[in-house]
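I opened my notebook next to the viewer today. Here is the model I was looking at.

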Amino acid sequence: MEDTQKPVITNYADFDLKKIGFKSVTGAELKNLIPKSNLFELIEVLDNEIFFVHRAKRHRVIVRTTFIPELNDFIPKGKGAGKIYVVKNWDQQVAYATKRFYRRARRFWNDLGNYAHITKRKVDNVPKCPCTLCNTRMSIVFKSTNQVYWECRRSDLHPDGRYTTKHWDTGMPPKFVDFLNKNRKRNRSYLKKLSNLFKKDGKVIVRKSRIS
Ligand SMILES: [Zn+2]
């Protein structure tokens with residue numbers, strides 16, 4: 001999963017995030033793990049669906065697979081898509097969420113695994129503020145427009161008195177940045193296509209592409 005050039009993972013059996021430090025938990029266990037989280041307001045978590053969780057110093061990475069191992073099948077249609085969440089340890093609130101991953105996509109497991117790995121790397125290596133006086137670990141800023149970046153708000157310590165920011169991919173090896181940029185490009189062109197269709201037909205079309 002570390003190597004984005006590896007053969008495509010096509011099934012749950014080969015999707016082994018435990019190798020890279022995640023633990024698997026059921027939906028019921030997740031509810032006990034982070035009972036105060038607003039994650040459960042965002043999605044309906046089924047008790048028997050499987051999640052992968054990694055706990056870093058300040059955040060947890062939570063991978064929603066939408067898969068139910070005991071049934072060897074996905075959760076019912078309409079109950080949500082695969083997604084990766086970053087939840088703050090101190091208040092259990094969602095700090096960041098990736099795009100949606102759709103089960104029918106050929107590269108579903110592969111893409112979910114790579115995004116999980118990348119997100120884990122990010123929260124394991126929270127960048128420090130570029131201001132040498134401050135040297136504080138930065139926080140995630142995630143906007144409703146899906147814009148995401150690192151920020152330090154210790155403006156009292158910054159010479160110019162302003163917040164500092166760093167790119168969300170700060171510290172990531174080039175092959176991961178390439179992988180992310182390719183996905184972002186695909187995603188953007190797909191969303192543009194959807195938006196154009198909407199303008200033309202005035203209705204939301206059923207998603208036909210695997211790109212969310
Ligand atoms: Zn700072």
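My entries below go from the overall layout to the strands, the core and one tyrosine.

**Ground rules.** I am working on a predicted model, where local features need pLDDT of at least 70, side-chain atom pairs count only at pLDDT 80 or more, and totals for chains, interfaces and linings use all residues. I number residues from 1 along each chain as its sequence is written.

**Layout.** I looked up the elements and found 4 helices and 9 strands. Helices here are DSSP runs of H or I with at least four residues, strands are runs of E with at least two, and both are numbered from the N terminus. From the N terminus on, I read the order as β-α-α-β-β-β-β-β-α-β-β-β-α. Of the 212 residues, 25% are buried, where buried stands for 20 or more other C-beta atoms within 10 Å of the residue's own, exposed for 12 or fewer, and partly exposed for in between, with C-beta atoms placed from the backbone.

I count two strands as paired if DSSP finds at least two bridges between them. Strand β1 (residues 23-26) runs antiparallel to β2 (residues 50-55), with 4 bridges joining them. Within that pair, serine 24 has phenylalanine 52 as its bridge partner. On to β3 (residues 59-68): 6 bridges link β3 to β2, again antiparallel. Here isoleucine 50 is bridged to phenylalanine 67. I also noted that β2 and β3 make a hairpin with 3 residues between them.

**The sheet of β7, β8 and β9.** Next I followed an open sheet of 3 strands, in the order β7-β8-β9 with antiparallel pairing. Which strands stand at the edges? They are β7 and β9 (164-167); each has a single partner strand, so one side of each is left without a neighbour in the sheet. From one strand to the next the twist averages 40°, taken between lines fitted to C-alpha atoms, with angles running from 0 to 180 degrees between N-to-C directions. Between β7 (residues 139-142) and β8 (residues 148-152) I found 4 bridges. Isoleucine 140 is opposite tryptophan 150, and phenylalanine 142 is opposite valine 148. The β7-β8 hairpin has 5 residues between its strands, and asparagine 146 takes a positive phi near 75° there.

**Core.** I then went to the largest nonpolar core, which has 27 residues; Val61, Ile84 and Leu112 are among those with the most contacts inside it. Such a core is a set of buried Ala, Val, Leu, Ile, Met, Phe, Trp, Tyr and Cys residues joined through C-beta atoms within 7 Å. At least two residues each come from β2, β3, β5 (83-88), β6 (94-97) and α3 (108-124). The largest share, 7 residues, is from α3. Helix α3 is mostly covered, with 15 of its 17 residues buried. For valine 61 I listed contacts (C-beta atoms, placed from the backbone, within 7 Å) beyond four places in sequence, including Ile84, Val86 and Ala116.

**Tyrosine 12.** Last, I picked a residue in the segment before β1, tyrosine 12. Why is tyrosine 12 partly exposed? Because 17 other C-beta atoms lie within 10 Å of tyrosine 12. Setting aside neighbours within four places, tyrosine 12 is in contact with Phe67 and Pro69. Aspartate 73 is 61 residues from tyrosine 12 in sequence, with 9.3 Å between their C-alpha atoms.

Terms used. Contact = placed C-beta atoms within 7 Å.
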